[in-house]
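Open the model in your viewer and keep the selection panel at hand. The stops below say what to select and what is found there.

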Amino acid sequence: MQWETVIGLEIHAQLATMTKIFSGTSTAYGAEPNTQASAVDLAMPGTLPVANEQAFRYAVMFGLAVDAEIARRSVFERKNYFYPDLPKGYQTTQLEKPIVGPGHVDIELEDGTKKRVRIHHAHLEEDAGKSLHEDYHGMTGIDLNRAGTPLIEIVTEPDMRTAEEAVIFARKLHGIVTSLGICDGDMSQGSMRFDVNVSVRPAGQEAFGTRTETKNLNSFRFMEQCIHQEVERQIDLLMDGVAIIQETRLYDGESNRSRSMRTKEEANDYRYFPCPDLLPVVIDEDFIEDARRKLPELPDARKKRFQAEYGLSEYDASQLSNNAQMAWLFEETVRHGKDAKLAANWLLGELSARLNSEDRNILDCPVTGAQLGALILRISDGTLSSTGARKIFDALWVSDDASVDALIEAKGLTQVSDTAALERIVDDVLANMGDQIAQYQEADEKKRKKLMGGFMGPLMKASNGQGNPKLFNEILRKKLDQ
Amino acid sequence: MHDKTVAELSRDLAEGHVSSVQLTEHFLDRIQEHDGHLNCFITLDGDQALNRAREADERRKQGNATPWTGVPFAHKDIFCTEGVLTTCGSKMLANFSPPYNATVAQRFLDAGAICLGKTNMDEFAMGSSTESSYFGATTNPWGSNRVPGGSSGGSAASVAARLVPAATGTDTGGSIRQPAAMCGITGLKPTYGRVSRYGMIAFASSLDQGGTMARTAEDNAMMLNVMAGFDPRDSTSINREVPDYTASLNEPLAGLKIGLPREYFTEQLSPAMDRVVREAIREYEALGATVKDISLPHADLAIAAYYVIAPAEASANLSRFDGVRYGYRCENPEDLLDMYTRTRAEGFGREVKRRILVGTYALSAGYFDAYYLKAQKVRRLIQQDFIEAFKDVDVIMSPTTPSPAFVQGEKTDDPVTMYLEDIFTISTNLAGLPALSLPAGLVDNLPVGLQIIGDYFAEARLLNAAHQFQQATDWHRLAPK
């Protein structure tokens, strides 16, 4: 039987406000446990929440970016449950009247087809603290630094049909919130977390299958793996005649396994009701228009600009424009290094590959746009061979603050383009390659081209990799074809 | 000295007849002498009070005293006071010393007032008799076997017994006015949002309001001058100018239109109570007021709506008492669930648990619409009744309670009878209106309160009406033996 997968996402994005959503405490990450938790964050008796205006501005900017309705009046509610890292015993969130109503995000699939993913709504809420189960034998440590960090929870309609689609959408959304500057997008630190709702149904069937929700996926790779794994699990069960249970699941990316956390029957009754400590928040047209004026360039517009301004291919432009950090790094590189195409190749090639292989985020990319730009300059002006350029890139990657020119000097990687010097090397090398020369000269033009490579290797070796390969080639042709 | 009002003590301090240290020592001595029997105080803060009194005397010498500088008073133990135990009458917070001041506490501190201690109350302000306190019941100074009312019973009894000239209170369904009535003092619940709730331990957030308790309307006005005002830390506090509440006390009452809701003068009211209240209203007529019968058609729904909304909010407000961060934690918890259940089972008293259960039930899936939403609709109808009524009248008058102070233990086993204690006071909390209770006479040698309800932000008018009555009568001067 053919199966169709149906995927919807819920995305929690931490808003990049200076202070928490209901208190004046700093939201900076990485402080000593419980040093960024005030009386309000600790839910000390008698303390009261005051809503952070900036969180609303960011939510409105998000709403505008996804073409959504903005609620002129939104209401915070209390979601009641007990957990040690939830200080008040309820989470303050929005349910009936969220700040952002229905909207949509358009994505482009790998085969070039366009697809619209609808946003059901997005609401503001507070993050919980963290429970630390390690390091405390038989006990749990509670760190409330994160408690009260503003989150926007974005809920999509079940509009995605493959894991790949879901990842494209997730990346696009990541690009939108980071471009807006409302979220730093650092998934490794939990700044953006994805819950995936997955169900399968026989192809052609209208009704949705029973769905499961897998929570807190913190990388695109895990998200993709998890969906594949969950789809497989569900199909296997259905093929065996076992019904899917509506449940919440936890996924472990390292082992690529998931397990049931709780079923629908075990779910809490959250007893939502409007929070009496916070009045309904009323937003006027001026506030919305002000947010609209502050909207920065978004990925779609940036992609078009990159094509027009830098002459990039649609694919390169799209790859570089989605992630705000990547786009910014690209433009910095071009500013210093001029050649946009070369800059795009390096960012999407060497740099991306290196980030991937080290599982690093663009946010902690160790190379600056100025450095990359300087590198591009030295490639364009012929100072560096591609081999030399890679060596410099390696050096930049592991050093702080190094200058490209100083590295070239120090490593003696300046490409030799002095024709006389290169001719001497060619003569020396050819002196010991009589057999190959004879073979070459007997060959036809087509075969000759192939045989050229056999000379280049020894030439590069003899020049310590510094000989200009283009010039070597010319000199070699001239000498061999004589 | 202890028979003097805040206004009189303030004048004596200003004129140098007495020092704050002398006043503070005097009232601390009175507390030592009488509180063993009355149990008005949970915590006394004598040493710090004397230090502050010395500072106050110094400040007065420097010439930057406020009317409150050096005047002793007490806080209901629901207001957080930095470094001083704040228990809310509960075992749950018996060891809780807040690292911050409630806005109300800070304002009195800034004014230079001397807090002598923290007064007893029903646990988490849930009660009408101050019998549910973990620290034992408070006795009404008017009768050794009588309750002082509640939940601000410690404040009311301490003012009535002249242990302090004034005390703060909070009123969620009548918790200032009912004990004020039963102890023969004057108490005001301001408009919701007039006084900051920051640092005031929440019972039912949409109904709670801090207020004033003293013997005279004038002293209440002096207290409100300190307490009222916008607080950026309380989103429900209202940013609106605060008048000098003492400035309008002496305005004549000629032409004041008084409404008497017929729903409040029924057979529930004993003939003796009815007589006292009617007598007081005749006094107002003598002062130039006119009286009109009015109707508050949804009055009979108030108790039912209140006992859904207040417990619903309380059930969430009290979730933070989980044994994790502060307050009581059970001994040797086996695991998380054990810690939660035993901490809350052992830390909360019966009435608090009852209300948490009622509130949890009212908010549960399948019941929310029938209880919580319906109650909110009723609340709006009740509010609408008052808005209609205030189109025709300036103030509404009624008895504060259906009967004078009852005997201790009489209603503790019958929560519904206890809830009916607040039958005349609860509607104003649901509507968010200001209301005041002042002594209007005696029944069986026990004080009876007259309630005056005003339109939104009409505190000055209520205090003016009460003050004029107190200029013409002596009920507020009566002291328990």
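Start with the largest cavity, which has a volume of about 190 Å³. Select A:Phe22, A:Val40, A:Asp41, A:Lys88 and A:Glu126, which are the closest to its centre of the 18 residues that line it. By class, that lining has nine nonpolar, three polar and six charged residues. Here Ala, Val, Leu, Ile, Met, Phe, Trp, Tyr, Cys and Pro count as nonpolar, Asp, Glu, Lys and Arg as charged, and the others, Gly among them, as polar. A cavity is a set of points, on a 1 Å grid over the protein atoms alone, where a 1.4 Å probe fits but cannot get out, and lining residues have an atom within 4 Å of a point. Grid points are joined across faces, edges and corners, and the volume is the space filled by probe spheres set on the points.

This is a predicted model, in which local features need pLDDT of at least 70 and side-chain atom pairs count only at pLDDT 80 or more, while totals for chains, interfaces and linings use all residues. Residues are numbered from 1 along each chain as its sequence is written, chains are lettered from A and ligands numbered from 1 in the order in which they are written, and side-chain values use heavy atoms, with hydrogens and water left out.

The count comes to three cavities of 30 Å³ or more.

Next, show chain A as a cartoon. An open sheet of eight strands has the order E5-E6-E9-E1-E10-E11-E12-E13, with mixed pairing. Helices (H or I, at least four residues) and strands (E, at least two) are DSSP runs numbered from the N terminus, and two strands pair if DSSP finds at least two bridges between them. Strand E5 (103-108) and strand E13 (257-263) of chain A each have a single partner strand, so one side of each is left without a neighbour in the sheet. Neighbouring strands are turned by 30° against each other on average, direction ignored.

Zoom in on E5(A) and strand E6 (residues 114-126) of chain A, which pair in the antiparallel sense over six bridges. A:Glu108 has A:Lys114 as its bridge partner, and A:His104 stands opposite A:Arg118. The hairpin has five residues between the strands, and A:Gly112 takes a positive phi near 90°.

Axes are lines fitted to C-alpha atoms, for helices over the stretch in contact, and angles run from 0 to 180 degrees between N-to-C directions; contact means heavy atoms within 4.5 Å.

Move to another open sheet of chain A, with three strands in the order E4-E3-E14 and antiparallel pairing. Strand E4 (90-94) and strand E14 (273-274) of chain A stand at its edges. Strand E3 (residues 76-80) of chain A pairs with E14(A) over two bridges, and A:Arg78 has A:Phe273 as its bridge partner. Helix H9 (residues 302-317) of chain B packs on this sheet, touching E3, E4 and E14 of chain A, and its direction makes about 65° with that of E3(A).

Which residues of chain B does a cis peptide bond join? Select B:Gly150 and B:Ser151, where omega is about 10°. B:Ser151 is found in the loop between strand E3 (114-119) and helix H5 (153-160) of chain B.

End at A:Asp359, a residue other than glycine with a positive phi, near 55°. A:Asp359 is found in the loop between helix H8 (340-357) and helix H9 (369-380) of chain A.

Definitions and conventions:
1 Å grid on protein atoms, 1.4 Å probe; cavity = no way out; pocket = protein on both sides within 12 Å on 5 of 7 lines; lining within 4 Å.
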